[in-house]
Amino acid sequence: MQGLVTKSTGSWYQVRTPGGERYDCRIKGKFRIKDIVTTNPIAVGDVVDFELEPEQQTGVITNLHQRKNYIIRKSINLSKQGQIIAANLDQALLVVTLASPRTSLGFIDRFLVTAEAYDVPAKLVFNKLDLFSDEGLDILAEYTTMYENIGYPCYEVSALAGTNIEQVQALLKDKITLISGHSGVGKSSMINALLPDLTLRTSEVSEWSDKGTHTTTFAEMFEIPQGGFLIDTPGIRELGIIDIEKEELGHFFPEMRERMHNCKFNNCQHINEPGCAVLAALERGEIEISRYDSYLSIYNGNDTRA
Ligand SMILES: Nc1nc2c(ncn2[C@@H]2O[C@H](COP(=O)(O)OP(=O)(O)OP(=O)(O)O)[C@@H](O)[C@H]2O)c(=O)[nH]1
Ligand SMILES: [Zn+2]
C-alpha cells in the first residue's frame, strides 16, 4: 500500500492512505537513504510504500518514493548529521507583521533565501492589518510591492478580525504547506483561523501518545478539512541555512540570479567588482537596497534571524 507520512517520532511513523485511513508504521531493518546523513530516514510529507503486519493494525515501511524537496535542520551536537523536518513541500508561508513585534526585513530575506535553497516556493502573509493607520498601510504596500516584484506573492490579513483569511485558505487547498513565523506575529491565531476544527488536532495528538512509545513528535502535518496539509514549524531557527557556499549566495536572490550572468567576472561576488551587473542594477534602483543589505549581511555571516 502507498501512503503519506503525516507524523514522525523518529521510530514510529503515521501513514495516511489516499482513502484516509491511518496506520502506525515502523521501518524494517536498516533503512537508509543514500547520500544524506540524517538521524531520521523518513519525515512527514514523505510518500512511502508499506505492508500491514499480519493480524495487526501496524505496518512496515518498505520503500520511500523520491522527494521533490525536503528541509533539514542541523543536529545540535557536532555530528554533522541533520534531521529532516519535512519533505515534498508545495510552499512555505512566512507569517510576518509590521506591528508589535515588527518583523525585520533581514529576517524575511533570510527565510526567503532558505526557501530558495530548499527549492520551496515562498509566500509572505502580512498579519495584523487591523492595526494600521493610512500611513502604515502605505508602508505595507511598499513592502508587498517590493516582494511581489521579485516573485514572492504577498497577502495582507488580520487573523484577529478575519480579514482576507479566505485568501490564505484558498492558497492552502490540496497543498502541503509549511507555515512559519517568529513569536508574536500571530501564527497561532492564523492557524486557529485556518483550522477551526481544533478538536481534530488535539484528538490526533492524544491518540498517538496513547501508544506509550514516543510522545515527542519531530513534526506533524495537520489535515485541512477542505483538503491539504499544514506543517507548523516552531520557528525560523529550525531552518538554518546549511550547505550554502558564500560564493553561491547570490543565486538565492532571484533579482540577483537573473542579472549575474551579465557580470564581467563569472565568479563575481557582487561586492566591489568592476563590471558587476548586480551593483549596476542597485545603482539604478532596480534592486532594493534592503535586499542587497540582506545579501551582504548573510554573506558576511551576520545573524539576522532575530
Ligand atoms: N491586532 C491584532 N492582533 C493579533 C492578530 N493576530 C494575532 N494577534 C495578537 O498577537 C499576539 C500573538 O498572537 P499569537 O497567535 O499567539 O502569535 P504566535 O505568532 O503564534 O506567537 P507564539 O505563540 O509566541 O509563537 C496575541 O496577543 C494575538 O491576539 C491580528 O490580526 N491583529
Ligand atoms: Zn556581480
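Me: How many helices and strands does the chain have?
Reply: The chain has 8 helices and 13 strands, where helices (H or I, at least four residues) and strands (E, at least two) are DSSP runs numbered from the N terminus. This is a predicted model, in which local features need pLDDT of at least 70 and side-chain atom pairs count only at pLDDT 80 or more, while totals for chains, interfaces and linings use all residues. Residues are numbered from 1 along each chain as its sequence is written, and chains are lettered from A and ligands numbered from 1 in the order in which they are written.

Me: What makes Q14 count as buried?
Reply: Q14 has 23 C-beta neighbours inside 10 Å. A residue is buried if 20 or more other C-beta atoms lie within 10 Å of its own, exposed if 12 or fewer, and partly exposed in between, with C-beta atoms placed from the backbone. Q14 therefore counts as buried. Its place is in strand β2 (residues 13–16), and its C-alpha atom is separated by 6.1 Å from that of C25, 11 residues apart along the chain. Of the 306 residues of the chain, 33% count as buried.

Me: Why is A277 called partly exposed?
Reply: A277 has 19 C-beta neighbours inside 10 Å, so A277 counts as partly exposed. A277 lies in helix α7 (residues 277–283). Leaving aside neighbours within four places in sequence, A277 is in contact (C-beta atoms, placed from the backbone, within 7 Å) with R259, M260, N262 and C263. The C-alpha atoms of A277 and N262 are separated by 5.5 Å, although the two are 15 residues apart along the chain.

Me: Why are α1 and α8 called roughly perpendicular?
Reply: The axes of α1 (residues 105–117) and α8 (residues 289–299) cross at roughly 70° and come within 9 Å. Axes are lines fitted to C-alpha atoms, for helices over the stretch in contact, and angles run from 0 to 180 degrees between N-to-C directions. Under 35 degrees counts as roughly parallel, over 145 as roughly antiparallel, 65 to 115 as roughly perpendicular and the rest as oblique. So α1 and α8 are roughly perpendicular to each other.

Me: Which residues of α1 and α8 meet?
Reply: From α1 there are L105, G106, D109, R110 and V113, and they meet S290, R291, S294, S297 and I298 of α8.

Me: How do you know that the buried residues of α8 line one face of the helix?
Reply: The buried residues in α8 are R291, S294, Y295 and I298. Seen down the axis of α8, they fall within an arc of 105° (the arc of the directions from the helix axis to the C-beta atoms), so they line one face. They pack against α1 and α6 (254–257). On the other side of α8, I289 and L296 are exposed.

Me: What makes the buried residues of α4 a face of that helix?
Reply: K187, M190 and L194 are buried in α4 (residues 187–194). Down the axis of α4 the buried residues fall within an arc of 60°, so they line one face. Among the elements covering them are β8 (91–97), α3 (165–172) and β13 (229–232).

Me: Is D119 buried or exposed, and how do you know?
Reply: D119 has 11 C-beta neighbours inside 10 Å, so D119 counts as exposed. D119 is in the loop between α1 and β9 and has a positive phi of about 65°, although it is not a glycine. Most residues other than glycine have a negative phi.

Me: Why does H270 count as buried?
Reply: H270 has 25 C-beta neighbours inside 10 Å, so H270 counts as buried. H270 is in the loop between α6 and α7, and its phi is positive, near 60°.

Note on methods. Two residues are in contact if their C-beta atoms, placed from the backbone, lie within 7 Å.
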